[in-house]
Amino acid sequence: MHGTDIPAARFELLILDDDAERRATLRTCFECIGVHCHVFDFVTWLQQGRVFDLAPIGLVLIGESSLPIALSKLITELDAERTRPKLLVCEWSELAHRDFSRHAILGVLHAPYRYPQLLDWLHLCGVLNTQPLDPSAWLPEMPGFVGQSGPVREIRQLITQVAPRDISVLITGESGTGKEVVARCLHEHSNRRDGPFVPVNCGAIPSELLESELFGHEKGAFTGAISSRPGRFELANGGTLFLDEIGDMPLPMQVKLLRVLQERQFERVGGSKTLEVDVRIVAATHKNLERMIEEGQFREDLYYRLNVFPIEMPALRDRLEDLPLLLHTLNEQLEEGALLQFHPTALASLQRHPWPGNVRELANLVERLSIIHPGKVIGVSELPPKFRHIEEPDPARYASIPAEGEAAAITVAGAGRQLQLPADGIDLKGWLEEQEQVLIRQALDTADQVVSRAARLLQIRRTTLVEKMRKYGIERQ
């Protein structure tokens, strides 16, 4: 790195984008959180950029160009004095994600722009701008593997180092920490990226079927084998085979797996022809394999064959600073209209949760909240009870709202008096439908037009209520 570091007070941002609306939005978002922005379209930048003072610029946002400009050449000019962190605000086909590291590109910033996400990027840039930047040490973006905490950056560094090396990797860590995500990142950043990535869960397949699943079988090899079928090793030829929950593999299968890893050859079940295979093995487990070796439940020679390069996944409770970014990413995966916002008090409560199920538990929570409170702001009281680790700061606002599972005070036309059958009879079906419409409208009013909450008040499924609203032409007010 050349030149001096940026004083914190002079951290400024440069936006280069030909999309005028996006330029204005980005400028508004960053200036609202106190960052001074310099904004240019590419024509103006090419005219004025050579005399622009880049010294205080701590982050560069690069958007769409209407000119036939080479992004790598632009970045070289921007980094003439020193290497700067960068974010793309749209995809550039010129660069693949694996090329981000040598250009010091942190990733791609997609709309909608959320405060926790922007703040997280700024924090990272602030840290990077106070230390020498070596472009060769920058970590490529790894879609699906979210976070900027120390443990996550260490794992990204390990992935970057080992991915090009065609050696076996063993990923350990608690359930739900994202071991398969890391396995896919290893594949995508390896020389085998154009080959198949084939996962197999060793704990989900009955032991008597595991051999056939891995190595395939010939027709008539066993009852039900009505045709020949290739196994996962054959399907993964030229690519990566991910053996998840390797600790659940029976000992007899461990012997056969070891032979394949040593010789790169195998036979299908019921076959005599020796097949050669070229695969990279990535294994994962939440179990303590060294303890299993001591107890005679796992082969030591297989362990050392798999554990050439170990990667240990951190538990979510050990990287809670990634929680806002994880929530943002999970939120982006929800359906239109179900996107959530988290009140700071709810976020503070979630940061006190022990997360025994790790990221998988967090994903399940977001999915559940999107069903119960679609498109809403989530406060402490909207969280399920086991996630409420702080008191509701404003209980008064919930005083008039029925608690979950409690009956609401919904009045029914004619309730409180005995119904009398008219002398000339009654259209019972029509009368019941009329009463049903009254109840549905009252339930929606009581639930502030939230369909899922109204359905709970009526003690029916949300989909059933939606169907009835469509039938009667009832719309939320």
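Two residues are in contact when heavy atoms of theirs lie within 4.5 Å. Keep that in mind for this predicted model. Take the contacts in the protein with a separation of 6 or more: residues 24 or more positions apart account for 70% of them.

Now the overall picture. The protein has 477 residues, and 45% of them count as buried. It exposes about 24700 Å². Carbon and sulfur atoms supply 50% of that area. The protein holds 17 helices and 14 strands.

How far does the predictor trust its model? The average pLDDT is 83. A score of at least 70 is reached by 87% of the residues. Over residues 404-408 the pLDDT is below 50. In the model, this stretch has five contacts beyond near neighbours in sequence. Residues 132-138 also stay under 50. For residues 132-138 the model has 18 contacts beyond four places in sequence.

Next, look at a sheet. Five strands form an open sheet with parallel pairing. Follow the order across it: β7, β8, β11, β6, β12. The edge strands are β7, residues 197-201, and β12, residues 309-312. Each of these edge strands pairs on one side only. Neighbouring strands of the sheet are turned against each other by 20° on average, with direction ignored.

Strand β8 covers residues 240-244, and β7 pairs with β8 in the parallel sense. Five bridges make up this pairing. Find Phe197, and opposite it you will see Thr240 in β8.

Move on to helix α10, which spans residues 289-294 and includes Met292. Is Met292 buried or exposed? Its relative accessible area is 8%. The cut-off for buried is under 20%. Met292 is therefore buried. What does Met292 touch, leaving aside neighbours within four places in sequence? Its contacts are Gly247, Lys287, Gln297 and Phe298. Consider Gly247 again. Met292 and Gly247 are 45 residues apart in sequence. In space, their C-alpha atoms are 8.3 Å apart.

Finish at strand β2, residues 36-40, where His38 is placed. Which side chain does the side chain of His38 meet in a polar contact? The partner is the side chain of Glu12, at 2.6 Å. Glu12 is also among the residues that His38 touches beyond four places in sequence.

Conventions: Residues are numbered from 1 along each chain as its sequence is written. This is a predicted model: local features need pLDDT of at least 70, side-chain atom pairs count only at pLDDT 80 or more; totals for chains, interfaces and linings use all residues. Side-chain values use heavy atoms; hydrogens and water are left out. pLDDT is the predictor's confidence in each residue, from 0 to 100. Helices (H or I, at least four residues) and strands (E, at least two) are DSSP runs, numbered from the N terminus. A polar contact is a pair of N or O atoms within 3.5 Å; within protein, one must be able to donate a hydrogen and the other to accept it, and residues adjacent in sequence count only if both atoms are side-chain atoms. Buried means under 20% relative accessible area, exposed over 50%, partly exposed in between (1.4 Å probe, protein chains only). Accessible areas come from the Shrake-Rupley method with a 1.4 Å probe; for residues, only the protein chains shown count as cover. Two strands pair if DSSP finds at least two bridges between them. Axes are lines fitted to C-alpha atoms, for helices over the stretch in contact, and angles run from 0 to 180 degrees between N-to-C directions.
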